[in-house]
Amino acid sequence: MEYKYHVSGMHCAACSAAVERILKKQKGIETAQVNLVMEEVLIQAEEENFDAWKEAVSKGGFELEKLQDKKDVSYHKKVVCDILGMQCAACSAGIEKVLKRTEGILDVSVNLLLNQAEIEYDQTKIKLEEIFQVIQKGGFDARIHQEQQQEETKKKDYENVHIYGTLIVAFLLLYIGMSHMLGSFELPLPNIISYKTNPFNFAFIQFVLATIIAISGWKFYYRGIRSLLHGAANMDTLVAIGTGSAYIYSVFSLFSIANGNVHAVHSLYFEGAGVVIALVQFGKHLEAISKKKSTGAIQALLQLRPKTATLFKNGKEMEISVDEVVVGDVLVVKAGEHIAVDGIVVEGESNVDESMLSGESMPVKKGVQDEVHQGTMNLDGRLLMRCSVDNEDTTLSKIIRMVEDAQSKKAPIARIADRISMYFVPIVMGIAFISALIWYFIQKDVSFSLTIFVSVLVIACPCALGLATPTAIMVGTGKAAQLGIFIKSGEALEVASHIDCVVFDKTGTITIGKPLVTDVFAQDKQQVLAYAAALEQGSVHPLATAILQKAEEEHILAPSLSNIQTVNGKGVYAYLSEKKLMAGNRRMMEEEGLDVSMYLEAEKACQEAGKSVVWVSYDQQVIGMLAIADKIKDHVRDVVESLTKSGKEVYMISGDHTRTATAIAKQAGITNVIAEVLPQDKAEEVKRLQKLGKKVAMVGDGINDAIALTQSEVGIAIGSGSDVAIESADIVLMKEDIRDVETALRLSHSVLRNIKQNLFWAFFYNTIGIPVAAGILYPIFHILLSPVFAGAAMAFSSVSVVSNALRLRNFK
């Protein structure tokens with residue numbers, strides 16, 4: 001079973017690796033995959049043991065929380081309302097009495113002191129707006145209680161004040177602490193805190209400011225030390241030990257100054273400790289903003305959900321919240337409005353813009369009994385529609401869940417960063433201690449060694465490493481979703497970039513999946529179509545359906561026939577004006593002794609092109625022949641050429657006769673044909689190609705493609721196909737545009753290239769940064785990295801990696 005939870009307290013790849021390591025040690029857990037950006041963990045286990053898992057993760061300094069359960073599809077709802085205008089107990093009692101008499105109200109409790117009412121009601125019988133109307137008739141006003149929204153706003157304001165307030169304090173601390181460190185130039189300071197005239201005050205003001213910052217960043221120390229004690233050191237551990245050491249050393253220097261040692265002013269590192277904490281906090285803030293942008297695709301999809309709908313009830317229109325719409329409700333959708341939920345049109349006609357679902361810019365004509373989907377836009381006419389599914393099960397909701405699932409699953413390349421992160425923090429701590437000791441023995445200067453120690457710990461933060469893969473996957477899958485391509489996992493995204501063989505199913509993928517009459521050979525084409533349509537009336541055979549559709553398109557009225565007889569494997573016949581009328585294969589005509597010579601050449605050409613033929617005769621004479629074929633889709637040839645040019649082998653697989661399949665493949669520009677394959681054997685053919693060392697992408701749309709889609713490295717399903725095919729596939733194309741196969745594979749290449757760029761810069765940054773912080777340039781160039789600059793560089797590296805991932809939003 002799979003279980004997904006929220007994890008708080010993570011800041012870097014070392015954190016996520018620590019959470020995974022802790023969980024994998026727990027009994028019954030097979031795998032644990034942490035997504036640092038989404039702050040979620042996906043656990044595969046025999047059974048759920050949440051309390052034990054939560055306790056184990058908590059010991060490592062993190063918090064495991066259950067995600068909000070999917071909304072119970074129950075139509076009984078509780079709501080708290082503010083009631084305006086109540087003055088006495090009679091008012092509250094009156095409101096309760098009126099509401100309890102109203103159909104659909106299950107329970108009411110009015111609180112006069114708080115001016116609130118808690119109402120439970122049945123959404124299938126009454127809507128919230130109707131409840132408000134009942135209260136208004138009694139002389140009062142009502143509205144939804146707003147306290148929660150106000151609390152969220154206050155929390156956001158507090159966070160902003162906290163982050164930016166800490167930065168201001170850090171700037172003052174930096175100004176004071178660095179005032180005498182700029183060589184011959186000194187920053188002006190009041191005498192009362194000058195290091196020359198009042199060295200103790202100079203040190204004490206820094207102590208106060210650094211302490212304020214340290215208190216604001218108390219979580220670094222709490223989580224960092226706690227993680228260290230439980231053997232799961234992370235980025236917080238690096239910051240806590242580095243800044244804590246600088247702070248404690250500076251406090252000893254402060255006491256030394258108080259005891260008369262004025263030279264100790266040169267051994268103060270309060271500004272290093274305080275500014276690093278402020279910069280790391282600010283860096284996390286910038287990361288959060290950047291990460292929010294990387295989840296923009298889901299936010300964009302969520303914004304497509306209308307917040308209100310117009311209910312049509314008892315001949316009246318009423319605006320209600322979308323959350324109150326239930327299955328069976330009839331809604332009005334006016335021109336220019338978004339469709340609130342999935343449903344069926346019961347009245348009216350209109351053009352609907354479905355580009356947000358399909359990516360197709362052309363509007364779709366909708367009429368009675370047609371399906372309409374949540375988030376699409378009604379362009380012109382007025383529609384009445386009946387809600388057919390719950391809000392959680394709309395097509396848009398399923399798409400959002402698909403994108404969320406893709407963004408929460410790890411790509412194999414992410415394991416590189418995870419493995420490194422497991423050992424990274426302990427190694428960095430070792431480098432910091434060894435570097436500090438070496439420099440102490442060389443320089444005999446504690447403050448110099450402390451600078452080295454703090455700088456190495458701060459600059460080595462593996463945040464950029466942890467963000468490199470998930471941000472690129474989130475932006476990439478989000479961009480794909482905007483293009484109508486839904487990639488179900490990071491693994492599918494990565495594997496798709498290595499594909500070297502693409503296998504297309506024929507029917508419904510290469511072809512439109514519906515036979516059509518392509519040619520009519522006859523002196524009187526209308527008569528031949530009319531007679532053929534008359535014989536095929538009521539038949540469900542694909543060839544018969546094609547003939548009837550062609551007759552309807554040509555507005556041909558077929559004569560009525562009775563007692564139509566079927567000759568198995570040959571065709572059908574009946575009598576019209578006492579003369580025999582037949583439609584079937586050539587063998588049927590020849591057995592009747594009819595002359596077929598006039599259309600033999602045409603039949604041969606049609607069969608070579610993969611077309612089926614139907615001969616038509618009347619009164620013992622052949623009067624014509626129909627050619628029927630499943631036409632290939634638009635752009636197929638272009639896609640095949642493009643895939644071939646990019647070095648991929650292209651195959652077509654079909655259950656058709658080899659001659660027919662080869663003819664269709666020739667039209668599509670495909671040279672590799674696998675024909676006469678039974679549905680259950682398609683997966684075996686994919687397996688055969690894999691044994692030859694090929695990485696296979698299977699493209700299909702039918703139930704009979706499901707096993708092959710699962711067997712292939714990457715299964716790509718046409719979105720209009722069967723639910724089974726869509727469930728089995730790794731990538732779903734919402735449009736019936738075959739060009740999206742190439743787009744999906746190109747996008748996967750772009751995402752993988754972006755991940756490699758991110759990983760390179762993250763590794764490069766740490767490879768260069770750690771030695772510089774350890775003082776490797778000091779003996780030659782006398783360059784020593786200040787902890788302040790190390791903190792700033794660390795924050796910049798994370799933001800730069802996320803910014804690089806955001807470039808994927810420009811993919812065309």
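**View 1. Helix H22 meets helix H23 in this predicted model.** Helix H22 covers residues 636-645 and helix H23 covers residues 658-668; they pack at an angle of about 75°, their axes 8 Å apart. Helices here are DSSP runs of H or I with at least four residues, strands are runs of E with at least two, and both are numbered from the N terminus. Axes are lines fitted to C-alpha atoms, for helices over the stretch in contact, and angles run from 0 to 180 degrees between N-to-C directions. H22 and H23 are therefore roughly perpendicular to each other (under 35 degrees is roughly parallel, over 145 roughly antiparallel, 65 to 115 roughly perpendicular, and the rest oblique). Look for Val636, Arg637 and Val640 of H22, which meet Lys666, Gln667 and Ala668 of H23; contact means heavy atoms within 4.5 Å. Sorted by class, this contact of H22 with H23 has three nonpolar, one polar and two charged residues (Ala, Val, Leu, Ile, Met, Phe, Trp, Tyr, Cys and Pro count as nonpolar, Asp, Glu, Lys and Arg as charged, and the others, Gly among them, as polar).

**View 2. Helix H18 packs against helix H19.** Here residues 525-536 form H18 and residues 542-553 form H19, with an angle of about 130° between the helices and their axes 9 Å apart. That angle makes H18 oblique to H19. On the H18 side you can find Leu529, Ala532, Ala533 and Glu536, and they meet Ala544, Ile547, Leu548, Lys550 and Ala551 in H19. The contact of H18 with H19 has seven nonpolar, no polar and two charged residues.

**View 3. Glutamine 369 sits in a loop.** The loop lies between strand E14 (364-366) and strand E15 (371-372). Most residues other than glycine have a negative phi. Glutamine 369, though, has a positive phi, near 80°. At 59% relative accessibility, glutamine 369 counts as exposed (exposed is over 50% relative accessible area, buried under 20%, partly exposed in between, with a 1.4 Å probe and protein chains only).

**View 4. Glutamate 578 is in the loop between strands E22 and E23.** Strand E22 spans 571-576 and strand E23 spans 579-584. Glutamate 578 has a positive phi, near 65°. Its relative accessible area is 77%, so glutamate 578 is exposed.

**Notes on the views.** Residues are numbered from 1 along each chain as its sequence is written, and side-chain values use heavy atoms, leaving out hydrogens and water. In this predicted model, local features need pLDDT of at least 70 and side-chain atom pairs count only at pLDDT 80 or more, while totals for chains, interfaces and linings use all residues.
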